[in-house]
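Visitor: I would like to learn how to read the features of a protein model. Could you take me through one?

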Amino acid sequence: MHYVQILKLPGHDDVKLPEKMSSGASGYDLYAAVDEEVVLQPGERKLIPTGFALAMPEGLEAQIRPRSGLALKHGITSLNTPGTIDADYRGEVKVLLINLGQEPFVIARNERIAQMVFQEVPQIKLQEVDSLSETVRGAGGFGHTGK
């Protein structure tokens with residue numbers, strides 16, 4: 001079990017902290033900590049505050065992902081999906097939302113805007129070499145395996 005510290009930021013006492021909506025949920029829903037309603041026009045993107053900060057142990061990251069219901073019903077998604085919160089970041093968690101829908105979307109205080117999933121990050125050491133082993137695929141890139 002990993003313990004993650006969460007700090008509610010000043011001025012956001014009424015904003016809900018992240019929470020799982022069911023016992024089997026992978027992600028914690030995140031709530032908007034906007035001071036007043038924010039209108040996200042079609043094609044527009046905005047950084048939405050959540051009113052909290054985290055302290056995670058090294059070896060963990062928090063991934064910010066879209067809510068499927070907002071994406072399906074309104075075309076609202078997170079622009080840099082998944083967004084990564086590193087273990088050494090101590091600032092406010094914010095969500096970069098974009099409106100890919102055709103109608104303006106209003107974001108109110110305490111509205112669920114995204115979800116946060118915690119992942120373990122393996123320790124990797126990059127090793128520079130002079131050549132790489134051969135594979136059947138080789139350097140085939142985008143669309144290569146979908147012949």
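Guide: We will go through the annotated positions, the strand pairing, the aromatic rings and the salt bridges in turn. Keep in mind that this is a predicted model.

Visitor: Let's begin with the annotation. Which residues does UniProt place under "binding site"?

Guide: The unreviewed UniProt entry gives that feature to Arg67, Ser68, Gly69, Asn80, Thr84, Ile85 and Asp86. They cover 20 residues of sequence and are also spread in space, with up to 26.3 Å between C-alpha atoms.

Visitor: Where is arginine 67 found, and is arginine 67 buried or exposed?

Guide: Look at the loop between strand S5 (60–65) and helix H1 (68–74), where arginine 67 sits. Its relative accessible area is 18%, and the cut-off for buried is under 20%, so arginine 67 is buried. Setting aside neighbours within four places in sequence, arginine 67 is in contact with Asp29, Ile76, Arg112, Ile113, Ala114 and Gln115.

Visitor: And what about serine 68?

Guide: Serine 68 belongs to helix H1. With the cut-off for exposed at over 50%, serine 68 counts as exposed because its relative accessibility is 62%.

Visitor: Now the strands. How should I think about side chains there?

Guide: In a regular strand, side chains alternate between the two faces of the sheet. Here, strand S4 (residues 45–55) pairs with strand S8 (residues 92–99) in the antiparallel sense, over 6 bridges. To find your place in that pairing, note that alanine 53 stands opposite glutamate 92 in S8.

Visitor: How many bridges join strand S6 to S8?

Guide: There are 3, and strand S6 (residues 76–78) runs antiparallel to S8. In this pairing, serine 78 has leucine 97 of S8 as its bridge partner.

Visitor: What do I look at in a pair of aromatic rings?

Guide: A pair of aromatic rings is described by the distance of the centres and the angle of the planes. This structure has 1 aromatic pair. Tyrosine 28 and phenylalanine 118 form it, edge-to-face, at 5.8 Å centre to centre and with 80° between the planes.

Visitor: Why does the pair tie together parts that are apart in sequence?

Guide: Because tyrosine 28 lies in strand S2 (residues 28–31) and phenylalanine 118 in strand S10 (residues 112–120), the pair ties together parts that are 90 residues apart in sequence. Tyrosine 28 is partly exposed, at a relative accessible area of 29%. Phenylalanine 118 is partly exposed too, with 25%.

Visitor: Let's finish with charges. How many salt bridges does a search of the whole structure find?

Guide: The search finds 4 salt bridges. One of them joins arginine 112 to aspartate 29, at 2.7 Å from N to O. Arginine 112 is in strand S10 and aspartate 29 in strand S2, so this pair ties together parts 83 residues apart in sequence. Arginine 112 counts as partly exposed at 29% relative accessibility, whereas aspartate 29 is buried, with a relative accessible area of 8%.

Visitor: Which residues are linked in a network of salt bridges?

Guide: Asp14, Asp35 and Arg109 are linked in that way. Between aspartate 14 and arginine 109, the closest N and O atoms are 2.9 Å apart. Aspartate 14 counts as partly exposed at 47% relative accessibility, and arginine 109 counts as partly exposed at 26%.

Visitor: What is the N to O distance between lysine 46 and glutamate 44?

Guide: It is 3.8 Å, and the two side chains meet in a salt bridge. Lysine 46 is partly exposed, with a relative accessible area of 28%.

Note on methods
Residues numbered from 1 in each chain as written. Predicted model: local features only at pLDDT ≥ 70, side-chain atom pairs only at ≥ 80, totals over all residues. Heavy atoms only, no water. UniProt positions renumbered as here; feature names shortened; annotations may be inferred. Helix = DSSP H or I, 4+ residues; strand = E, 2+ residues; numbered from the N terminus. Buried < 20%, exposed > 50% of the residue type's maximum accessible area, 1.4 Å probe, protein only. Contact = heavy atoms within 4.5 Å. Pairing = 2+ DSSP bridges. Phe/Tyr/Trp six-rings, centres within 6.5 Å; stacked < 30°, edge-to-face > 60°.
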